[in-house]
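The following exercises concern a predicted model. Each task is followed by a solution in steps.

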Amino acid sequence: MSMLTGKVALVTGASSGIGHAIAEALLERGATVFGLCRKIGKIPEAATPISCDVRNPERIAHAFEILRHATPTLDILVNNAGIAYLSSLLEGEVKEWNEMWEVNVRAVAICSQHALRMMNPEGGRIVNVSSLSGHRVPPTGGFYAPTKFAVKGLTESLRNELKAANSLHQIASVSPGFVDTPLVNTYFRGREEDLSTLRESTRMLEARDIARSVLHILEAPAHVEIGDVVLRSVDQKV
Ligand SMILES: NC(=O)c1ccc[n+]([C@@H]2O[C@H](COP(=O)([O-])OP(=O)(O)OC[C@H]3O[C@@H](n4cnc5c(N)ncnc54)[C@H](OP(=O)(O)O)[C@@H]3O)[C@@H](O)[C@H]2O)c1
C-alpha cells in the first residue's frame, strides 16, 4: 500500500499531457482523483470530472463548491493546467498574454486559496507544474517564460505565508524542460520546421517522467519538504 492510498487529490488540466499522466499515477497509487478542466471527457476513466474554465474566477469558486459536496476534505492539489503560446513581447497579442496570465498564474493562486480552505490541518500538499522556463529565459520565452517565473514567485510566497502561520501544509513545484505533449505544438505554431528539427535532435521528456517526479514530492516523508524538481531531457541544450 502506498502512502497516497486513500488520499483525495485534485489535478487541474487532467485531460491531456502531464496532468493526465499525474492523474493516472495518483490513481495507480490508490488515491481518489478529481480532474478539473474543460474537456472532461478526456480525463482518466477512474477520475471524477469537474468541468471548469480556470480563466474565470467565479467558475473556479463554483468548481470548488462541487468538490466540497463530493468530498469533505482535500489532501493534494496539483496546479497543472497551463497554456504556452509563442507570443513575443515585441509582436505578441495581448489576448494571448491575458490567457497565459489567467491560466498559468492567476488560476494557480485562486485554486490554491480554495484548496487550502479544504485541506486537513494535519498537512496538505500543493504541487505547481512550473517549467524550466521559470528558471532561465530561452530566446523564444516571450510572455510565457515570465508567467512561469511568476509561478516560482507564487510558490515561494505561499510557502512563506504558510510557515508564518505555522501551517503544516507543504508547497512544491516541478520544472520540466520540453515534454512531448500537445502544448509543444501550440508553442511551435508557425515554426513547424523548428519543431521537426527539435524532434530529430532531441528525445523530449515524456509526461510520465513528470508524474514520477510529482510522486517523489508527494511520497517524501512528512519531515522532508521538497521545494522544486528541475528536470530536462539529456539531449536538451538550453
Ligand atoms: N509540454 C512541455 O514542454 C512543458 C514544459 C514545461 C512545463 N509545462 C507545463 O506543464 C503543464 C501542462 O502542460 P502539458 O504540456 O501537459 O500541456 P497540454 O497537453 O496542452 O495540457 C494542458 C492542460 O491544461 C488545461 N487547460 C488549459 N487551459 C485551461 C483552461 N482555460 N481551463 C481549464 N484547464 C485548462 C487543458 O485542459 P482543457 O483544454 O480540457 O481545459 C489541458 O488538460 C502546463 O502548466 C505547462 O506550462 C509543459
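**Exercise 1. The shell around the ligand**

Task: State how many residues surround the ligand, and identify which helix gives the most to this shell.

Solution. 
Step 1. The ligand is surrounded by 30 residues. The closest are Ser16, Arg38, Lys39, Tyr144 and Thr181.
Step 2. By class, the shell consists of 15 nonpolar, ten polar and five charged residues.
Step 3. At least two shell residues come from each of helix 1 (17-28), helix 4 (144-164) and helix 5 (182-187).
Step 4. With three residues, helix 5 gives the most to the shell.

**Exercise 2. The second largest pocket**

Task: Describe the second largest pocket by its volume and its lining.

Solution. 
Step 1. The space in the second largest pocket amounts to about 420 Å³.
Step 2. Its lining comprises 20 residues, and those nearest the centre are Glu122, Gly123, Gly124, Arg125 and Ala222.
Step 3. Sorted by class, the lining of this pocket holds seven nonpolar, seven polar and six charged residues.

**Exercise 3. Two residues and their surroundings**

Task: Decide whether Val214 is buried or exposed, and do likewise for Phe143.

Solution. 
Step 1. Val214 belongs to helix 7 (residues 207-218).
Step 2. The cut-off for a buried residue is under 20% relative accessible area. Val214 has 1% relative accessibility and therefore counts as buried.
Step 3. Phe143 is found in the loop between strand 5 (125-129) and helix 4.
Step 4. Because its relative accessibility is 17%, Phe143 also counts as buried.
Step 5. Separation in sequence can then be set against separation in space. Val214 and Val8 are 206 residues apart in sequence, with 15 Å between their C-alpha atoms. For Phe143 and Gly6, 137 residues apart along the chain, the C-alpha atoms are separated by 39 Å.

Notes: Residues are numbered from 1 along each chain as its sequence is written. This is a predicted model: local features need pLDDT of at least 70, side-chain atom pairs count only at pLDDT 80 or more; totals for chains, interfaces and linings use all residues. Side-chain values use heavy atoms; hydrogens and water are left out. On a 1 Å grid over the protein atoms alone, a cavity is a set of points where a 1.4 Å probe fits but cannot get out, and a pocket is an open set with protein on both sides within 12 Å along at least five of seven lines; lining residues have an atom within 4 Å of a point. Grid points are joined across faces, edges and corners, and a volume is the space filled by probe spheres set on the points. Ala, Val, Leu, Ile, Met, Phe, Trp, Tyr, Cys and Pro count as nonpolar, Asp, Glu, Lys and Arg as charged, and the others, Gly among them, as polar. A residue is near a molecule or strand if one of its heavy atoms lies within 4 Å of it. Helices (H or I, at least four residues) and strands (E, at least two) are DSSP runs, numbered from the N terminus. Buried means under 20% relative accessible area, exposed over 50%, partly exposed in between (1.4 Å probe, protein chains only).
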